[in-house]
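Please read the following briefing alongside the sequence and the 3D structure.

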Amino acid sequence: MQNLLDLDADGLTAWFAEQGEKPFRARQVLRWMHRSGVADFDAMTDIAKSLRDKLKARAVVAPPTVVSDKLSDDGTRKFLIDVGNGNAVETVFIPEDERGTLCISTQAGCALDCAFCSTGKQGFNRNLTVAEIIGQLWQANRALGAVHGDERVISNVVMMGMGEPLANYDNTVAALRLMLDDNAYGLSRRRVTVSTSGLVPAIDRLREECPVALAVSLHAPNDALRDQLVPINQKYPLRELMAACRRYLEKAPRDFITFEYTMMAGINDSDAHARELLALVRDVPCKFNLIPFNPFPGSPFRRSPAERVRRFGEILIQGGIVTTTRKTRGDDIDAACGQLAGQVKDKTRRTAGGVIPIQESRS
Ligand code: SAH
Ligand code: SF4
């Protein structure tokens, strides 16, 4: 059985051709699945019964299952998505005045092991399939009641949940193509953001194959510190990363890179660090997004005090860089940045590979 949610538009057209069906049929089914949120072939009313029967025999529309749905006091909503074997990943909807942003996961766990990241501390379990990545948007649209009217509840998607999107490149790009496809979600490239810890060759590939908005997790102004906080820096050091950012901007839908910078007290938050950053990014049009560190059980770091974050941001702004500080959202339901791991009561009882054992998650 083929899960049709695993295919982007080209993949679906090719699969329909293999079944002896025309491309416009693939397009119709694509619209039913993604624009109307329909999983039942019998509800696809403009498709001939003979084709519906054929589809039922050979395919399914199988989104991943939502195992819990929690609403934060500030309106943030967190979905726990089953990825099999009793494990789950997280998807977070963040409503704001002018937009609604869905933060989605691309891997169960993450192999890159950044020092301050709860997901990284779990280790790597596996890549999510296309159906599991796009299925987060599918399920959130449905839960938010967005599939029937024209109203677009989810206006932006950020790949800033669990996992490193560019380490699951093929599935991430297929899911991105569906997000951008007018017969599916029809989001503009500017409103879809990939966040990466800095996989340089994959940044170059994305620029050629599917340039969407890019956020790069910087977290340190020099290699000595970044080697410790973001270990992938040992393979792709800052000079190479900055060059990749400059190349990306030639094709990017926005004329800046967003640098994310998690602020940890006494680690990377001094005035000197801010000035060093200004020198580092001198040739890269960018904006900064400062993220006060979100603690999780067992982490050795502390959040920088608000006054320190303010002063750090001020130095960047005085240096001519647009800088925002991310408001902590959803932390009462453990949905804030870097807390996406679910919180297990007893770490030692985690499954071998990492991700969240559903039974133990109190998320
Ligand atoms: N793997 C990708 C995307 C997921 S992480 C990446 O690293 O960019 C999304 C953002 O949250 C990244 O900038 C990440 O560094 C940051 N983050 C991770 N742990 C955090 C924590 N405990 N507190 C605050 N931000 C954190
Ligand atoms: Fe992976 Fe991103 Fe966490 Fe680093 S910050 S461990 S790349 S999810």
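Which backbone nitrogen does the side chain of His-219 reach? In this predicted model, the side chain of His-219 reaches the backbone nitrogen of Thr-262, at a distance of 2.9 Å.

**His-219**

- His-219 is located in the loop that runs between strand S11 (213–217) and helix H8 (223–229), and its phi angle is near 70°, which is a positive value in a residue other than glycine.
- Because its relative accessibility is 4%, and buried means under 20%, His-219 counts as buried.
- Besides the Thr-262 backbone nitrogen, reached at 2.9 Å, the side chain of His-219 has a polar atom that lies 2.7 Å from an oxygen atom of ligand 1.

- The shell around ligand 1 is made up of 20 residues, and the closest of them are Phe-116, Ser-195, Ser-217, His-219 and Asn-294.
- In the side chain of Ser-217, an N or O atom is found 2.5 Å from an oxygen atom of ligand 1, while in the side chain of Glu-164 an N or O atom is found 3.3 Å from a nitrogen atom of the ligand.
- Ligand 1 would expose 530 Å² if taken alone, and the protein buries 95% of that area.

**Ligand 1: site and shell**

- The site that holds ligand 1 is the largest cavity, and the elements giving two or more residues to the shell around this ligand are strand S10 (192–196) and strand S12 (257–263).
- By residue class, the shell around ligand 1 comprises eight nonpolar, ten polar and two charged residues.

**Ligand 2**

- Ligand 2 likewise sits in the largest cavity, where the residues surrounding it are Cys-110, Leu-112, Asp-113, Cys-114, Cys-117, Gly-120, Gly-163, Glu-164 and Ser-197.
- The shell around ligand 2 divides by class into four nonpolar, three polar and two charged residues.
- Glu-164, which is listed among the residues around ligand 2, is also the residue whose side chain places an N or O atom 3.3 Å from a nitrogen atom of ligand 1.
- Asp-113, another residue in the surroundings of ligand 2, belongs to the loop between strand S7 (107–109) and helix H4 (118–121).
- The phi angle of Asp-113 is near 55°, again a positive value in a residue other than glycine, and the residue is partly exposed, with a relative accessible area of 36%.

**Accessibility and spacing elsewhere**

- Gly-266 is placed in the loop between S12 and helix H10 (271–280), and with a relative accessible area of 71% the residue is exposed, since exposed means over 50%.
- Between Gly-266 and Gly-84 there is a separation of 182 residues in sequence and, from C-alpha to C-alpha, of 40 Å in space.
- Arg-177 lies in helix H6 (residues 169–180) and is partly exposed, its relative accessible area being 37%.
- Arg-177 and Leu-280 are separated by 103 residues in sequence, and their C-alpha atoms are 33 Å apart in space.

Key. Residues numbered from 1 in each chain as written. Chains lettered and ligands numbered in written order. Predicted model: local features only at pLDDT ≥ 70, side-chain atom pairs only at ≥ 80, totals over all residues. Heavy atoms only, no water. Near = heavy atom within 4 Å. Polar contact = N/O pair within 3.5 Å; in protein donor to acceptor, adjacent residues only side chain to side chain. Areas by Shrake-Rupley, 256 points an atom, 1.4 Å probe, with all protein chains shown as cover. 1 Å grid on protein atoms, 1.4 Å probe; cavity = no way out; pocket = protein on both sides within 12 Å on 5 of 7 lines; lining within 4 Å. Sits in = over half its atoms within 2 Å of the grid points. Helix = DSSP H or I, 4+ residues; strand = E, 2+ residues; numbered from the N terminus. Nonpolar A, V, L, I, M, F, W, Y, C, P; charged D, E, K, R; others polar. Buried < 20%, exposed > 50% of the residue type's maximum accessible area, 1.4 Å probe, protein only.
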